[in-house]
Amino acid sequence: MSGSTLVESEVCSSTTTLTDLSPINSTTPSTSALISTTNTINSKPVARLNNEALTALLETFKHDPNLHTLPHQSDHIGIFNTLKQRINSINDDTCSPGEENSFFVCDMKELRNLYKNWKVELPRVQPHYAVKCNPQPELLKVLASLGVNFDCASKREIDTILKLGIEPHRIIYANPCKVGSHIRYAQQNGVEMTTFDNAEELHKIKKFHPSAKLFLRIATDDTTAQCRLSTKFGAHLSAIPELLQTVKDLELNLVGVSFHVGSGASDFSSLYKATRDARWVFDIAVNEFGLPPLKTLDVGGGFQLTSFQESSKVLRLSLDEFFPENCGVNIIAEPGRYFAETTLTLATHIIAKRKIDNDQAMIYINDGVYGNLNCILFDHQEPTPRILYSNNKFHYDDFNSTSAVPTPSHPYKVSIWGPTCDGLDCITKEYYMRHDLVVGDWLYFPNLGAYTSSAATPFNGFDQHVDTIIINEDL
Ligand SMILES: Cc1ncc(COP(=O)(O)O)c(C=O)c1O
């Protein structure tokens with residue numbers, strides 16, 4: 001890298017006082033006391049790379065031939081055989097209601113490979129899988145057996161993990177705005193680690209769980225993420241001095257800083273900037289507020305297989321600069337999508353068809369945006385439908401059985417709809433098929449494990465808590 005892209009510090013020349021950083025609220029006694037009595041904070045976060053240098057560096061990563069998309073290691077044959085066996089066991093003419101429901105296949109070989117990749121790319125970072133992403137018990141068990149810990153958002157998620165026999169110290173209750181009774185539940189069940197981003201939460205924690213190990217969640221720049229989170233969570237830098245003072249006043253146990261760069265993140269400069277900001281919090285907590293040294297940095301989620309090498313490289317670079325090895329700080333993360341997305345495949349049944357002309361039709365399937373395809377609405381996903389079974393033949397191994405754009409080998413144009421009576425329940429308005437699908441055929445959606453089953457509803461009376469068939473459990 002050329003020396004000209006480096007700067008000593010982009011921001012340390014400006015002097016910012018605590019008064020500048022604090023939200024103006026003269027009616028709050030703790031805030032006004034804070035402004036008048038605490039030390040001046042005369043630095044903002046300092047970094048080696050300014051915005052321009054960072055953008056230029058990350059651009060080189062995007063074009064680095066050594067940073068490949070990691071190979072997708074699904075056991076295609078195993079998945080195919082499982083789909084085939086299940087579908088062959090269903091007789092459309094005689095089956096009971098629900099027997100022909102959609103179903104998932106969960107490939108534990110893929111999950112193990114993802115974990116192996118994680119250890120190669122981010123050996124310093126201990127993952128805490130975000131249970132909200134997919135709380136499938138078998139998936140949780142395999143992750144636990146690999147040594148992955150857990151991020152829970154609520155009492156029920158904590159319960160799910162504890163019921164699997166996983167010790168409470170392996171859980172971080174990573175919801176900065178918690179229900180009071182759930183905090184009490186965490187305290188009674190030995191869950192110590194939790195996040196916060198506002199002073200009211202600290203008062204609640206003081207009341208219900210005063211010994212909790214606290215992570216201050218900071219806001220990030222997640223403007224390019226598929227699902228933004230910092231619009232809702234995370235303290236802005238200007239609010240941090242007041243929060244540190246409140247921690248001190250309440251004699252709470254601050255152990256670290258957390259952030260999340262947004263789910264489905266794509267601009268990883270946010271990882272660098274968030275790590276820089278976290279370093280600043282670590283430093284001022286000790287130097288300006290006299291708190292004991294913080295021990296853990298939580299780098300959140302936002303990872304996905306397709307960009308994992310790139311995001312990991314940015315994170316390694318950021319950690320090397322701000323939290324180098326042997327600096328005495330543990331690094332943890334809260335990945336969800338990375339582990340769940342490519343591990344599960346969804347198979348759905350074609351239940352109805354409205355023919356428009358010889359090569360155009362509306363296809364209705366038995367899962368939709370109120371069921372396991374809710375990710376279209378809530379997670380901004382665009383799932384890929386592929387033909388699984390049509391015209392009495394299986395087509396799983398034809399990875400080009402469908403196309404998002406018209407081509408000569410995909411002459412059949414369809415729109416695909418879910419089973420409910422709502423017009424919003426549309427999977428895709430336009431897709432092109434190699435075969436003329438009919439009622440009784442099956443489609444499948446690869447890579448459909450993240451934020452799918454966990455948010456499925458029974459709207460219109462369709463039970464969308466469908467079977468998951470596990471394969472490659474004991475390799
Ligand atoms: C606090 C928290 N941690 C972790 C995650 C998981 O994020 P991802 O699936 O992008 O890795 C989320 C997602 O919403 C979250 O809110």
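User: Why is C421 called exposed rather than buried?

Analyst: In this predicted model, C421 has 8 other C-beta atoms within 10 Å, and a residue counts as exposed if 12 or fewer lie within that distance of its own, as buried if 20 or more do, and as partly exposed in between, with C-beta atoms placed from the backbone; C421 is therefore exposed. Residues are numbered from 1 along each chain as its sequence is written. Local features need pLDDT of at least 70 and side-chain atom pairs count only at pLDDT 80 or more, while totals for chains, interfaces and linings use all residues.

User: Where does C421 lie, and which UniProt annotation covers C421?

Analyst: C421 lies in the loop between strand 15 (412-417) and strand 16 (426-433), strands being DSSP runs of E with at least two residues, and helices runs of H or I with at least four, numbered from the N terminus. The unreviewed UniProt entry annotates C421 as "active site", though such annotations may be inferred rather than shown by experiment.

User: What makes helix 11 roughly parallel to helix 12?

Analyst: The axes of helix 11 (residues 269-287) and helix 12 (residues 308-322), lines fitted to C-alpha atoms over the stretch in contact, with angles running from 0 to 180 degrees between N-to-C directions, come within 9 Å and cross at roughly 25 degrees. Angles under 35 degrees count as roughly parallel, so helix 11 is roughly parallel to helix 12.

User: How much of the protein counts as buried?

Analyst: Of its 475 residues, 45% count as buried, in a protein that has 14 helices and 18 strands.

Notes
Angles under 35 degrees count as roughly parallel, over 145 as roughly antiparallel, 65 to 115 as roughly perpendicular and the rest as oblique.
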